[in-house]
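Please look over the model shown here.

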Amino acid sequence: MKNKSFFTKSFYIFYVTFILLIVGAFYIFRTFDNTSSDIEKLTLQSNIVYISNIANNIAALINKKTDMQLMNTLQKSKALRESLQENLELFRTKRYRYIYVVQKIPRTEDFRFLLDGAKKEKSEFLEIFQPLNLQKWLGVYKTKEPCYFRHNDIKNLWLTYLQPIVQHNQVVAIIAIDFSLHEYNYMHHELSELSSSVKVFMSLLLFIFILVLILAFIDKKRVYLLQKQAKEIQHFNTTLQNKIDEEVEKNREKDKKILEQSRLAQMGEMLGMIAHQWRQPINAISATSITINMQAQMDILDAKSAISLAEKIEELTQHLSKTIDDFRDFFKPTKEQQNITYADLLASTLDIVGVSIQNKNITITTDIKSDVVFHTYVNELKQVLLNLIKNAEDVLEEKKITNAFIKIEAIENRLIVRDNGGGIPEDIIEKVFDPYFSTKTLNGTGLGLYMSKTIIENHCNGTLSVTNDADGAVFCIVLPQT
Amino acid sequence: MKLLFVLLIFFISVHADVYTQKLYETILGSIFKERPIPIFVSGEAKATLEKSTLFYIVKNCQESSVAVVGDDFTPKQECKNIPIFATTHRSYMRIEDAFGAFYWRKGRPQIYFRKRGLKMFHLNLPLDLQRFIDEK
């Protein structure tokens with residue numbers, strides 16, 4: 001915040017300074033332009049005043065010499081003409097190139113020479129003359145006032161000054177002086193060049209100012225965006241924890257849902273297994289009951305036989321009850337960790353599922369090379385093993401494999417379940433632990449392996465992996481040793 | 001700076017020469033319809049006119065359509081039937097049969113035509129040149 005205010009302060013100081021500089025530069029330029037224009041005007045004016053004085057003197061001289069009778073006197077006296085022309089020649093310099101006196105020919109727009117101050121190519125007395133800018137010349141006759149004008153057709157090099165000679169309140173002739181504007185033009189040229197340089201400098205200054213303005217604007221925008229992004233990040237950080245909590249809660253809900261689905265699936269399997277386990281004792285109870293009935297009808301049921309048959313029925317019902325208890329214990333989640341070896345785990349699992357598998361002509365072999373005692377959630381671990389065995393059974397049954405086998409090995413802390421079902425295709429082997437992923441064509445929920453991995457890795461702190469060997473799939477459980 | 005001024009004067013003098021040539025072309029080109037116009041030239045105008053493609057300079061006055069003459073020209077018998085155009089005020093005044101003149105005076109072009117000369121040689125002036133006719 002401190003940096004921001006410092007930046008703003010320096011930023012505005014810079015701008016104010018720059019604007020003052022620009023305004024100052026413009027003021028200097030304006031002053032220079034006005035001064036330069038004044039110098040030009042004054043120079044021209046001083047030239048005009050000087051020329052005007054010369055012309056006035058010439059006019060006064062002519063009036064004096066001709067005794068206010070210009071035309072008559074000059075016509076009569078060639079000597080006077082020559083004398084006046086010599087006087088005109090005296091004023092002629094490089095700067096005042098032509099000095100001559102002309103008179104308008106009545107009823108025409110032409111003039112005629114009366115006096116000529118030129119040394120060479122002197123005009124003759126009364127020689128006809130067609131001036132340029134005729135209206136200016138005629139204007140002098142009309143207004144009786146002197147005037148001057150530039151010759152635009154020869155690059156403004158010359159200026160003509162016209163002074164009327166007034167006698168008896170009438171313009172009787174015009175003194176024309178053509179003088180060079182070379183020095184004036186030189187000064188004008190130099191001032192113009194200086195003015196152009198100042199203009200270029202001003203343009204450059206203005207360009208730099210605009211450039212700086214644009215860059216500053218871009219920078220300001222960038223800073224604004226950065227601040228906006230920083231605010232967004234800050235806001236995001238504050239809401240991130242909430243989002244994480246929300247997502248975790250969603251995940252928990254999802255896991256809970258999956259667990260419920262998994263339990264329902266397991267329940268279905270359990271019912272199937274109970275039904276299978278109960279089939280034989282129920283048949284036996286039924287057969288015993290039929291025997292009792294038949295012996296009673298044939299009147300050969302004695303007390304001894306009845307007691308024996310009743311005991312058999314009782315024994316069978318006890319077996320049914322025990323089966324129920326076994327299954328209930330098996331699927332009941334354990335709240336506390338217990339000690340178990342792979343041998344015990346395998347024995348209790350095969351008690352439940354072994355007969356069912358063997359009835360399907362699948363050979364189960366075990367190879368126990370481990371006496372490691374694990375401190376873990378026993379029932380969950382049994383469920384995982386049961387799930388792996390049942391998966392192998394389903395594959396072998398589905399593919400109708402001859403000489404089907406399931407081999408379970410326990411080596412140190414590893415428990416390996418392998419079968420000869422042909423294995424899992426390599427393109428899907430990475431996905432078999434994903435939820436709702438199943439290769440079974442019938443009754444596959446896609447939750448068994450996902451739940452197994454979750455139990456082993458999240459609850460039991462072990463690992464569950466799968467590979468293929470020459471015969472089929474190989475699932476490996478690795479548990480941490482206590 | 002002096003050099004610049006000299007160069008400027010040179011430029012203007014060259015430019016003025018071209019300007020003079022253009023004026024000759026405009027004046028004589030609008031009066032005489034042949035192309036190129038055979039002209040007899042005497043005096044300083046020769047240098048200017050020989051650069052023009054509109055004119056063809058002939059040595060004898062009789063072969064020309066117009067004689068453009070300066071102060072050095074003396075009217076001859078063989079040129080009597082040729083229209084004469086003066087290039088100085090003096091020659092224009094001296095040769096009374098000259099139908100016109102063009103020369104510079106005080107840096108200004110001077111163009112004049114004589115009614116008598118134009119009539120004598122049946123020459124017609126375009127409208128924009130008629131204002132230069134000397135009524136005398």
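Predicted model: local features only at pLDDT ≥ 70, side-chain atom pairs only at ≥ 80, totals over all residues.

Residues are numbered from 1 along each chain as its sequence is written.

**Interface of chains A and B**

Contact means heavy atoms within 4.5 Å. The interface values are tabulated here.

| Item | Value |
|---|---|
| Residues of chain B in contact with chain A | 17 residues |
| Residues of chain A in contact with chain B | 22 residues |
| Area buried between chain B and chain A | about 1900 Å² |
| Salt bridges between chain B and chain A | 4 salt bridges |

Buried area is the accessible area (1.4 Å probe) lost by two parts on being put together, summed over both. Carbon and sulfur atoms carry 61% of it. A salt bridge puts a side-chain nitrogen of Lys or Arg within 4 Å of a carboxyl oxygen of Asp or Glu. R105(B) forms one with E127(A), the closest N and O atoms being 2.7 Å apart. On chain B, α1 (2–31), α3 (89–94), β5 (100–105) and β6 (108–114) each supply at least two residues of the side that touches chain A. Helices (H or I, at least four residues) and strands (E, at least two) are DSSP runs, numbered from the N terminus. The largest share, 5 residues, comes from β6(B).

**Helix pair in chain A**

The axes of α7 (residues 342–358) and α8 (residues 378–398) of chain A come within 10 Å and cross at roughly 35 degrees. Axes are lines fitted to C-alpha atoms, for helices over the stretch in contact, and angles run from 0 to 180 degrees between N-to-C directions. Among the contact residues are L346(A) and V353(A) of α7(A), and L385(A) and I389(A) of α8(A).

Technical notes: Chains lettered and ligands numbered in written order. Heavy atoms only, no water.
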